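Work through the following exercises with the sequence and the model at hand. Each task is followed by a solution in steps.

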Amino acid sequence: MTTFARLFDHRPGSSPVHRAPLGLKYLVVLAVTVLVVSWRAPLVALAALAVVVVLHGAAGLIGEFLAPLRRLWPLLLVVGLARWISEVWVRPAGQAAGPDVGAAVLNAGVVVVGVYAALTAARLLLLTTPGPDLLDGMERFFGLFRPLGVHPQAAALAVNVMVRSIPWVGTAVEETSEALAARGVRRTPQRLMLPVLVATVGYARATGEALAARGLPDEPEHRHQEDTAP
Amino acid sequence: MSSSVPAQPHRTVHGASALPVPTQVAVTGVFAALIAVAAMLPPIPVGGFGVPITLQTFAVMLTGIVLGARLGFLAVLLYLVAGLAGLPVFSGFSGGLGVLAGPSAGYLLAFPLAAALAGALTTLVLRRTAGRGFGRWALVFLSAMVASFTFVHPMGIGGMMIALELDVITALGADMVFWPGDVLKNVLATAVAVTLFRAFPGLAQRRW
């Protein structure tokens with residue numbers, strides 16, 4: 001339960017980073033992500049990392065910059081190794097000269113630094129944005145796709161249902177897990193997921209009935225009439 | 001209470017599903033939550049070998065099989081959009097646009113398409129093979145495998161080649177590590193789906 005309850009890891013503050021418009025924050029994260037993927041150069045990766053460090057500092061959250069390393073170091077290690085293997089063992093197969101190990105390590109480092117810069121930039125956005133603002137932003141984003149037949153209120157409602165259901169599903173998993181342990185039965189994916197899924201489908205039905213009882217989501221026809229009213 | 005809404009006609013979108021709209025919204029949201037929880041769970045040992053598997057792709061495939069192409073696609077897309085928006089719902093509690101620079105970008109983008117294909121093929125199987133026994137579920141398993149190898153693995157490999165600048169052989173090698181677990185997860189998803197279709201026969205009544 002505790003694991004699944006902390007979905008919005010917001011750290012309140014009044015720094016310029018906290019107060020920046022949400023759209024701008026997304027643009028910065030997107031820019032860092034696109035840059036580190038599309039432009040492989042040591043200086044670019046380091047510059048992206050430096051920008052992210054400075055933004056953490058400006059937000060007063062410099063301590064948070066290295067926090068994800070505790071969780072991410074195995075991933076980064078695998079990423080770096082794969083990149084290194086790709087360069088040293090596979091790529092030079094057709095080349096006359098032997099592999100340049102130094103350059104391979106450097107290139108692997110560029111990829112690892114870039115991945116870390118992008119992930120921490122995205123995390124800073126989550127840390128500096130209140131949960132409700134994030135959900136409002138998503139609803140505005142869904143509005144862009146109205147011409148494609150997307151019903152923004154229904155999509156935003158589905159996001160709300162998702163966010164509220166995560167602790168519920170997480171609790172169902174934990175309770176099933178404890179029940180298996182109490183019976184002394186080994187925990188296998190099937191023994192765990194079958195009861196959880198039966199409960200989840202039932203929960204989804206009950207949620208649907210609760211939404212219908214509140215008249216949610218607004219019918220598109222009604223919304224359309226409101227939109228076009230003078 | 002229920003008498004206050006007598007015989008309310010089911011509101012449907014494009015008549016694509018027999019479910020009323022509020023139920024469609026709820027099912028989409030709850031299954032997106034299921035995928036999020038599955039992605040956050042630590043790997044679980046499976047079978048006699050005790051090889052730990054993560055349940056994220058299991059939940060994605062199960063969502064496609066159980067909900068069908070349209071709602072399955074929407075539920076997985078919702079999970080993906082929420083994760084890209086920043087909610088830490090991807091494996092390892094990560095989230096945000098930054099994952100697009102990481103090794104799992106191709107896999108994540110493939111998930112909604114894979115769920116849609118698994119759902120569409122399962123709908124075909126359910127429609128054409130009503131009343132048959134074991135062979136029917138073998139075909140559902142096959143639907144999930146086809147979806148895995150049409151979208152998840154090719155896009156996963158492509159994602160690693162772009163995001164990590166790998167050559168195709170290294171990327172293929174990294175991807176093949178997931179193949180045995182993938183087969184197990186699709187067997188598991190099919191087994192769970194069989195029971196769910198029995199417990200909730202309405203789930204099989206869908207246009208796509």
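A residue is buried if 20 or more other C-beta atoms, placed from the backbone, lie within 10 Å of its own, exposed if 12 or fewer do, and partly exposed in between. The model is predicted: local features need pLDDT of at least 70, side-chain atom pairs count only at pLDDT 80 or more, and totals for chains, interfaces and linings use all residues. Residues are numbered from 1 along each chain as its sequence is written, and chains are lettered from A in the order in which they are written.

**Exercise 1.** Describe the make-up of chain B.

Solution. Step 1: helices (H or I, at least four residues) and strands (E, at least two) are DSSP runs, numbered from the N terminus. Chain B has 6 helices and 2 strands, in the order α-β-β-α-α-α-α-α along the sequence.
Step 2: of the 208 residues in chain B, 58% are buried.
Step 3: two residues are in contact if their C-beta atoms, placed from the backbone, lie within 7 Å. Among contacts in chain B between residues at least 6 apart in sequence, 70% join residues at least 24 apart.

**Exercise 2.** Determine how α1(B) packs against α2(B).

Solution. Step 1: axes are lines fitted to C-alpha atoms, for helices over the stretch in contact, and angles run from 0 to 180 degrees between N-to-C directions. Helix α1 (residues 21-40) of chain B meets helix α2 (residues 56-85) of chain B at an angle of about 85 degrees, and their axes are 8 Å apart.
Step 2: angles under 35 degrees count as roughly parallel, over 145 as roughly antiparallel, 65 to 115 as roughly perpendicular and the rest as oblique. α1(B) is therefore roughly perpendicular to α2(B).

**Exercise 3.** Is A45(A) buried or exposed?

Solution. Step 1: A45(A) is located in helix α4 (residues 42-58) of chain A.
Step 2: A45(A) is buried because it has 22 C-beta neighbours inside 10 Å.
Step 3: leaving aside neighbours within four places in sequence, the contacts of A45(A) include V36(A), V110(A) and A117(A).

**Exercise 4.** How many residues does each chain give to the contact between chain A and chain B?

Solution. Step 1: chain A contributes 64 residues and chain B contributes 56 residues.
Step 2: on the side of chain A that touches chain B, α9(A) gives the most, with 16 residues.
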